[in-house]
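Hi there,

Here is the structure I promised to pass on to you. Please have a look at it, and then read my notes below.

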Amino acid sequence: MSTQSWYPPSMVGSSSRPSTLTSSSASPQQRASDHPQASSRGQPSPAEAAGIIARLKDKSVDELQRLLKDKEAYNAFFNSLDQVKTQNNLRGELRRETLQLARENLEREQRISELRNQCTIIRSSELATAEDRLADLERQKDEIMRSYSPAALLGKLQSSVAKLDEESEELHHKFLEKDMDLPTFVQKYKKIRAAHQKCTSLHDSGIASLG
């Protein structure tokens, strides 16, 4: 048959010599030397090759010629091999698992987007509220520090002394107007003057320490 094969010339040349496959004169070492790198190139094992050869031996010469000349026939025979079916099944399983992972990633992407939006809201609202609260506390701290500064404390002592002076004068006026008896006047006057003396002493000590 002179019809041109769709195989490369090297394959056609090697396949058109069936005697090399069935020749009993070739030693195992010679046959192995024809394909020194068979195992490293993913070629079938001897048992698998024997199974393929057994299937080819059951075919007629015309069928074998058709496999050489007809690409569709060759593909059909190739895909019917158990080794090829196993590889196709594995490939299909990997494809399904990959698609499942892709779908799961797409489903998680929406959740990730929601979490990202929540983080943005927290940064823009809750963080701003916390910063305002912190600023308010800082202002309160500054006011407290100012109210307890040495100058502020001296001012409060001076105001207390002036207030005690006013109370003392008012008490003295009530006594002169006969609105208060002597024992009551003495008791209240001593209490006011003791507080006045204490505030005056603290005020003078503070001024001396600052000076």
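Predicted model: local features only at pLDDT ≥ 70, side-chain atom pairs only at ≥ 80, totals over all residues.

Numbering starts from 1 along each chain as its sequence is written, and side-chain values use heavy atoms, with hydrogens and water left out.

Helices here are DSSP runs (H or I, at least four residues), numbered from the N terminus. Axes are lines fitted to C-alpha atoms over the stretch in contact, with angles from 0 to 180 degrees between N-to-C directions.

Helix α8 (residues 150–176) packs against helix α9 (residues 182–210) at about 160°, the axes lying 9 Å apart. The two are therefore roughly antiparallel (over 145 degrees). Their contact comprises 16 nonpolar, eight polar and four charged residues.

Helix α5 (residues 61–69) meets helix α6 (residues 71–79) at about 105°, with axes 5 Å apart, so this pair is roughly perpendicular (65 to 115 degrees). From α5, the contact (heavy atoms within 4.5 Å) uses Arg 66, Leu 67 and Lys 69, and from α6 it uses Lys 71, Ala 73, Tyr 74 and Phe 77. By class that gives four nonpolar, no polar and three charged residues, with Ala, Val, Leu, Ile, Met, Phe, Trp, Tyr, Cys and Pro counted as nonpolar, Asp, Glu, Lys and Arg as charged, and the others as polar.

As for disulfides (cysteine sulfur atoms within 2.5 Å), the count is zero. Cys 119 is partly exposed at 40% relative accessible area, while Cys 199 is buried at 14%; buried means under 20%, exposed over 50% and partly exposed in between, with a 1.4 Å probe and protein chains only.

Best wishes

Methods: Parallel < 35°, antiparallel > 145°, perpendicular 65-115°, else oblique.
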